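Reader: Please take me through one part of this model at close range. I would like the sheet, and the side-chain pairs that go with it.

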Amino acid sequence: MGKIVVIGSINMDIATELTEMPELGETVKGQDAVISPGGKGANQAVAAAKLGGDVMMVGMIGNDAFGADALANLNSYCIDVTHVRSVDLTTGLAMILREHGDNRIIVAPGANNAWSDDLPLEEIISEASIVLLQNEIPFWVIEQAVDIAMEYGIPTVFDPAPVDRFPVAFLQKITYLTPNETEFKQLPDNILHGNTKALLVTRGKDGVRICEADGNADIVAIDVAVQDSTGAGDTFNGAFAVAITKGKSLHEAVHFANQAAAQSTTKIGAQAGMPFLKDIEANLEK
């Protein structure tokens with residue numbers, strides 16, 4: 001199995017449960033705040049590592065207590081953190097409001113915006129089997145990473161969240177695009193004319209739609225008791241990368257990732273809820 005390189009954000013999440021979302025100017029009471037490791041990049045790295053992937057995380061943290069906790073958390077999953085750098089800024093924070101299993105998230109990027117051009121991206125990416133990217137770090141880093149991966153023939157997975165007006169030429173370089181249903185509607189409709197092999201549209205309770213140049217296929221959702229959907233998309237991406245590096249076909253990889261994402265929603269917390277490989281295997285046996 002090859003190396004999975006995740007280039008992206010590292011945050012700490014501050015979450016609370018609400019009975020109803022506040023209106024503009026309104027203050028409502030929430031339950032106790034829960035502080036836990038997060039960031040779409042770190043989440044995808046942890047998801048892949050928990051499922052048996054050989055993972056390297058590339059990202060930025062602050063020289064603060066949150067940064068130290070985030071780094072210790074990555075280390076606890078045996079993730080290679082050689083290229084996680086610390087800077088004199090606050091570690092990225094995500095404020096998560098949960099309501100009846102759904103969530104709304106506000107991200108303050110902090111150190112995630114402090115990338116420098118002396119990071120040896122070519123050396124890092126050239127040794128990867130697959131590269132995972134998300135849109136919570138500066139776009140120039142993402143674009144450079146994609147160009148290097150293309151040069152070396154290494155597949156890329158890009159989660160276009162938070163969604164932006166991405167250049168079509170850039171999107172057409174991505175091997176696997178993984179938007180959710182809302183993000184998909186904001187993307188151009190001619191992406192599959194380029195290097196992109198597939199659009200994998202995650203649709204929550206409606207499963208996953210695989211869009212390829214020669215047609216679409218729907219993967220049905222797994223019926224579970226949803227407790228917290230935070231991190232389900234990141235779990236999908238991490239699991240998909242693991243399956244691809246194990247030589248699974250596109251459809252097999254999506255089935256595996258769909259199963260992992262569904263199981264991740266049955267527990268509270270983005271990373272805490274992500275399943276281990278033994279959990280997936282036990283569930284598939286049932």
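Author: What follows starts with the sheet and then turns to side chains.

This is a predicted model, in which local features need pLDDT of at least 70, side-chain atom pairs count only at pLDDT 80 or more, and totals for chains, interfaces and linings use all residues. Residues are numbered from 1 along each chain as its sequence is written, and side-chain values use heavy atoms, with hydrogens and water left out.

The sheet is open and has nine strands. Their order is β5-β4-β1-β8-β9-β10-β11-β12-β13. The pairing is mixed. Helices (H or I, at least four residues) and strands (E, at least two) are DSSP runs, numbered from the N terminus. Two strands pair if DSSP finds at least two bridges between them. Strands of a sheet pair through backbone hydrogen bonds, either parallel or antiparallel.

Take the edges next. They are β5 (80-87) and β13 (215-219), and each pairs on one side only. Strand β12 (residues 208-212) is joined to β13 by five bridges. The two run antiparallel. C211 stands opposite N216 in β13.

A helix covers this end. Helix α8 (residues 250-264) lies across β10 (176-177), β11 (198-202), β12 and β13. The helix runs at about 160° to β12. Axes are lines fitted to C-alpha atoms, for helices over the stretch in contact, and angles run from 0 to 180 degrees between N-to-C directions.

Now the loop between β11 and β12. R203 lies there. R203 counts as buried, at 17% relative accessibility. (Buried means under 20% relative accessible area, exposed over 50%, partly exposed in between, with a 1.4 Å probe and protein chains only.) Leaving aside neighbours within four places in sequence, R203 is in contact (heavy atoms within 4.5 Å) with E181, V208, R209 and D218.

Salt bridges come next. The rule asks for a side-chain nitrogen of Lys or Arg within 4 Å of a carboxyl oxygen of Asp or Glu. By this rule there are nine. One of them pairs D54 with K3, with the closest N and O atoms 3.5 Å apart. D54 lies in strand β4 (residues 54-62) and K3 in strand β1 (residues 3-7), so the pair ties together parts that are 51 residues apart in sequence. D54 is partly exposed, at 36%. D206 and K205 also meet in a salt bridge, 3.8 Å from N to O. D206 is partly exposed, at 38% relative accessibility. K205 is exposed, at 74%.

Aromatic rings follow. Rings of Phe, Tyr and Trp (its six-membered ring) pair if their centres lie within 6.5 Å; planes under 30 degrees apart count as stacked, over 60 as edge-to-face and the rest as tilted. The count comes to seven aromatic pairs. F158 and F170 form an edge-to-face pair, 5.4 Å centre to centre, with 80° between the planes. F158 lies in strand β9 (residues 156-159) and F170 in helix α5 (residues 168-171), so the pair links parts that are twelve residues apart in sequence. Both F158 and F170 are buried. F166 and F170 make a tilted pair, at 6.2 Å and 35°. F166 is buried as well. Ring pairs link F139, F158, F166 and F170 into a cluster.
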